[in-house]
Amino acid sequence: KKRAFRKFTFRGIELDKLLDLTNDELMDLVTARCRRRMSRGLKRKPMALIKRLRQAEKEAPPGGKPKGIKKQLRDKIIV
């Protein structure tokens, strides 16, 4: 018997549609604190973290897991 996995949704929207949203459409879904943070833009440290994450993703083998990244940003909004 095959196990059926539950589809991931965020506030009633499935993952595929979430990935296609623009930043403005995504800002309408999140809480006020996240909207405020996103509208003020990203500073140097969050941008550096995103850069390292993208680099690790690029270096990962196709279909494989990227290597672990040390992250020290406790207040970073994960999207």
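1. A contact is counted here when heavy atoms lie within 4.5 Å, and on that basis residues 24 or more positions apart account for 28% of the contacts in the protein with a separation of 6 or more. This is a predicted model, in which local features need pLDDT of at least 70 and side-chain atom pairs count only at pLDDT 80 or more, whereas totals for chains, interfaces and linings use all residues. Residues are numbered from 1 along each chain as its sequence is written, and side-chain values use heavy atoms, with hydrogens and water left out.

2. The protein holds four helices and two strands, taken as DSSP runs numbered from the N terminus (helices H or I, at least four residues; strands E, at least two), and along the sequence they follow the pattern β-β-α-α-α-α. The radius of gyration (over C-alpha atoms) is set against a globule rule of 2.2 Å times the number of residues to the power 0.38; the value of 16 Å is well over the 12 Å that this rule gives for 79 residues, so the protein is more spread out than a compact globule. Along the principal axes, the C-alpha atoms fill a box of roughly 50 × 30 × 20 Å.

3. On burial, the cut-offs are relative accessible areas under 20% for buried and over 50% for exposed, with partly exposed in between (1.4 Å probe, protein chains only). Buried residues make up 16% of the 79 residues in the protein.

4. Helix α4 covers residues 44–59, and its 16 residues should span 22 Å at 1.5 Å a residue, which agrees with the 23 Å between its end C-alpha atoms; the expected span is 1.5 Å times one less than the number of residues. Within α4, the residues P46, L49, I50 and A56 are buried. Seen down the axis of α4, the buried residues fall within an arc of 125 degrees, so they line one face of the helix, the arc being that of the directions from the helix axis to the C-beta atoms. The face turned away from this buried side carries the exposed residues R44, K51, R54, K58 and E59.

5. One salt bridge is found in a search of the whole structure, the criterion being a side-chain nitrogen of Lys or Arg within 4 Å of a carboxyl oxygen of Asp or Glu. E14 forms a salt bridge with K7, with the closest N and O atoms 3.7 Å apart; E14 is partly exposed at 33% relative accessibility, while K7 is exposed at 60%.

6. R11 lies in the loop between β1 (9–10) and β2 (13–14), and the phi of R11 is positive, near 55 degrees, in a residue other than glycine. Most residues other than glycine have a negative phi. R11 counts as exposed, at 54% relative accessibility.
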